[in-house]
Amino acid sequence: MAGTETYTLNMGPQHPSTHGVLRVQLELDGENILSAKPIMGYLHRGIEKLLESRTYVQGVPYTDRLDYVSSMNNNFGFCRAVEELAGIEVPERAEYIRVIVAELNRIASHLVFIGSLAIDLGASTGMLYTFRDREEILDLFNLVCGARMTFHYIRVGGVNRDVQPEFIEKTYKFLEHVPVFMEEYKKILLGNEIFMSRLKGISKMSKETALSHNMTGPNIRATGIPYDIRKVDGYSVYPRFDFNVVTGKNGDNWDRFNVRYNEIFESAKIVRQALDGLPEGPFMAKVPKVLRPPKGEVFSRTEGTRGELGFYIVSDGSTKPYRVHIRRPSFVNMQGLNDMCRGYLIGDSVAAFSAIDPLMGEVDC
Amino acid sequence: MENLTVGAAAEWIRSVILLILGNELLTDVVMKFVGLGACIGVILTAAIVLTYAERKVCAFMQVRLGPNRVGGRFGLLQPIADMLKLMSKEDIIPDGCDRIVWALSPMLLFVPSALIYGLFPFDEGVVFADVNVGVFLLLAISSQSVLPFLMGGYASNSKYAFIGGMRTVAQMLSYEAPMVFSLLGVVMITGSMRMTDIVAAQAENVWFVLLQPIAFIIFIISATAETNRTPFDLVEDESEIVAGPFAEYSGMRWALFFLAEYANLLSISILTTTFFLGGWHGPFLPGVFWFWMKVLFMVFVFMWFRWTFPRTRIDQMLSFSWKVLLPLALVNMMFTGIGVYVWRSMM
Amino acid sequence: MFGKGLITGMRVTLKHFFGKKETFCYPEEKLPMPERFRGGHLVIDYKKCIACQLCSMACPNQAIELKVVTDAQRKRHLTSYIHHMGRCMFCDLCIENCAIHGLHWDQNYEISAYTRDAFDYEVLTDDDRQYLKEVMEAAAANPAPPIVPKKPAAPKPAEAPKPEPKKPEENKETEVKPNE
């Protein structure tokens with residue numbers, strides 16, 4: 001009598017759809033997934049330790065390398081933590097500029113999400129379209145800070161340089177363009193029946209499970225919990241802007257996709273309001289050349305594109321932080337992978353990786 | 001105009017050979033080889049043209065420029081460069097593979113893909129073997145391509161390849177059925193399984209795409225699945241199982257898979273043209289022009305599908321075949337039967 | 001109706017099939033880089049440089065390796081300025097910390113190379129070396145008077161020969177000036 005056996009399939013670290021060097025050990029029964037175990041550490045660079053061996057100001061470019069698709073948000077989080085630690089008051093114009101670039105970066109990151117989900121489901125054309133439109137944002141960043149990926153624009157105490165009138169003009173033009181390309185994605189992806197059937201009802205997760213896995217960001221909002229640090233904490237100048245927290249209902253991949261899709265509109269709304277209300281004034285606070293924050297510790301959290309991005313910094317009063325710990329949303333969200341894959345097919349596992357939207361730079365740190 | 005047809009060209013070649021050999025029987029034998037060579041020539045040319053076309057179509061739909069380096073601004077020599085690259089690549093044989101089966105798989109896959117070209121009517125009287133059970137033979141041959149996929153998947157000693165091989169069997173077997181039943185409608189109207197008769201029947205009346213629109217759609221969908229192209233490319237599915245059965249092949253062996261894929265793409269386009277779009281028939285221009293125009297249009301449509309749609313999932317794909325396409329094909333066949341009966345009794 | 005979305009999607013791709021393409025033929029068409037673009041090789045205004053080594057100290061990765069000589073007039077000059085591009089993060093901190101705003105990028109993004117050695121880029125040009133030679137000779141011809149050993153200056157000689165890259169010397173508060 002021939003029996004059936006389960007078998008293990010190693011997806012990754014070199015695999016076309018694991019978003020870098022994620023390795024997932026799938027326990028399979030035919031095409032059905034029994035368990036999925038993410039194995040991490042292939043991109044570990046020891047960023048926390050690197051930050052501890054550099055001064056506070058020198059540490060900022062390293063945070064670019066955490067979540068390299070939304071570097072502005074990482075710079076923002078780290079600089080906020082250092083400012084809180086050192087008691088630096090950031091000028092209003094700087095806060096507005098920070099919000100503008102952070103939200104633009106959120107749009108860029110969500111576009112990468114849409115594109116990578118599309119290509120993981122086999123629609124490579126959708127990916128090219130999102131990357132085409134992301135290019136506009138990267139060009140804006142290139143204009144304002146001279147880099148397209150690792151920006152190092154938001155600094156301790158403000159931003160590196162003031163925005164040019166050209167940047168503001170071009171950003172307005174980009175905002176005009178947002179509904180146009182979003183409509184196109186709607187036509188080619190969102191309204192596509194195959195795309196829908198691949199995502200609807202797949203990788204369902206209840207509110208309780210999501211909470212117990214400590215998931216944050218779009219992943220928890222998809223389950224229906226309106227948890228957005230921008231609203232919960234109201235840090236920076238976010239309380240001044242009118243925007244909605246997008247939530248889903250069922251907590252399936254379709255909701256995860258839709259939450260991000262609609263967040264692009266909300267981010268665009270914030271950028272527009274911030275541009276309209278951009279005050280005059282300095283863009284950099286008076287920061288001592290050699291920054292020695294007083295002894296103490298701080299945990300500062302911001303809403304990164306992938307969830308709650310927290311920086312825990314302990315200062316011993318010297319020029320370098322004594323200890324830095326980063327709460328990386330991608331890493332924490334990966335805990336939900338097993339629950340999202342179990343009981344579904346191999347094809348769904350790929351969609352589940354994409355829907356969590358992990359970034360290995362941030363997972364391994 | 002009469003001299004421009006392929007038939008006239010064949011006649012001319014025949015007369016030349018007859019002049020050289022001076023023996024009728026010998027000439028016929030040689031002519032068979034000429035026909036064989038022509039079929040192989042069509043396949044090889046198709047592989048070159050279609051790889052280039054696919055890259056360009058893909059690029060244009062993705063707002064890119066596509067190949068634009070080798071051979072001028074339009075990259076016309078790109079397929080040659082690709083071919084040279086593939087030939088110069090190292091032939092990697094994976095550890096622990098079943099050597100003989102593994103090596104046989106790409107060659108065997110190419111055989112059914114090439115064999116069915118013998119049955120295609122390219123133009124008036126231009127058909128290598130005009131068999132009276134043409135449609136039946138055609139489907140019988142093309143269904144043989146399941147086995148090499150399974151062989152490659154099994155022999156590679158790789159889990160990805162094995163999953164791909166198993167998927168092929170499931171997919172090809174399920175889509176064979178609606179494809180056959182959709183063609184039966186055409187056969188019923190014509191009353192013959194001979195390919196030339198089917199084309200002739202369309203020339204007398206109308207193209208079968210108008211008489212059998214549902215069968216046409218079913219045929220297109222199952223043809224896409226049979227050729228493993230998006231949205232049904234679960235066999236090679238690069239984002240899930242990397243490349244399925246091809247995962248462990250490199251260089252020329254992989255190129256044979258590739259060749260078979262494009263041969264299949266072309267043959268499925270030719271089939272659509274023959275069964276539903278009136279074959280070589282068309283006004284003003286010689287038949288061969290019409291034939292290739294229709295075929296290339298169908299190729300474009302298949303490429304268009306590929307670069308627009310996401311991929312389905314294996315369970316959705318199979319249930320779509322058995323629960324939607326097959327009943328639809330059967331219903332279509334029933335109504336065709338009634339229609340044919342009514343038409344015949346009215347005549 | 002099932003299939004409507006599929007047709008809509010096909011319309012979009014067909015539109016782009018005939019539409020304008022977004023990519024460029026790169027080596028022939030080069031995109032202009034904005035004025036703030038960070039990238040390429042470092043360029044130093046050698047005549048202004050006071051060899052203060054602030055750039056090297058500001059670098060988080062120790063990517064800048066300097067060799068400094070002191071001429072007869074006790075002025076410091078650079079003899080070598082090696083930019084280890086393989087370690088560089090292009091974070092701009094060196095340029096922002098330059099005391100004389102004499103450092104900038106040449107904005108050439110085609111800096112890839114075949115060997116790792118090619119990434120140890122010497123910033124100083126032959127003209128700069130010629131200038132250094134002239135200055136050194138001029139200083140030698142007119143040396144400064146020797147220092148009266150009144151103040152032994154215990155900490156200073158210890159720091160001067162071996163500049164530790166990460167330890168800033170001065171401790172007073174100054175405003176961070178963005179270099180524009």
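Modeller: In this predicted model, the patch of positive charge on the surface is formed by A:K187, C:K4, C:R11 and C:K15. Helix α1 of chain C, residues 4–18, supplies the largest share of the patch, namely three residues. A:K187 belongs to helix α6 of chain A, which covers residues 165–190.

Side chains of opposite charge can pair when their charged atoms come close. A:E166 and A:K170 form a salt bridge, with 3.4 Å between the closest N and O atoms. A:E166 is partly exposed at a relative accessible area of 39%, and A:K170 is likewise partly exposed at 39%.

A further salt bridge in chain A links the side chains of A:R301 and A:E308 at 3.6 Å, N to O. Here A:R301 is partly exposed, at 23%, whereas A:E308 has 8% relative accessibility and therefore counts as buried, since buried means under 20%.

In chain C, helix α4 (residues 126–141) contains C:R129 and C:D126, three residues apart. These two form a salt bridge, their closest N and O atoms being 3.4 Å apart. C:R129 is partly exposed, at 34%, while C:D126 is exposed, at 60%. Salt bridges with shared partners also join A:E103, A:R106, A:R221, A:D228, A:R230, A:E263 and A:E303 into one network. Over all chains, the structure holds 45 salt bridges.

Technical notes: Residues numbered from 1 in each chain as written. Chains lettered and ligands numbered in written order. Predicted model: local features only at pLDDT ≥ 70, side-chain atom pairs only at ≥ 80, totals over all residues. Heavy atoms only, no water. Patch = residues over 30% accessible without salt bridge, like charges linked within 9 Å, V, L, I, M, F, W, Y side chains within 5 Å. Areas by Shrake-Rupley, 256 points an atom, 1.4 Å probe, with all protein chains shown as cover. Salt bridge = Lys/Arg side-chain N within 4 Å of Asp/Glu carboxyl O. Lys, Arg positive; Asp, Glu negative; His and termini not counted. Charge placed at Lys NZ, Arg CZ, Asp CG, Glu CD. Helix = DSSP H or I, 4+ residues; strand = E, 2+ residues; numbered from the N terminus. Buried < 20%, exposed > 50% of the residue type's maximum accessible area, 1.4 Å probe, protein only.
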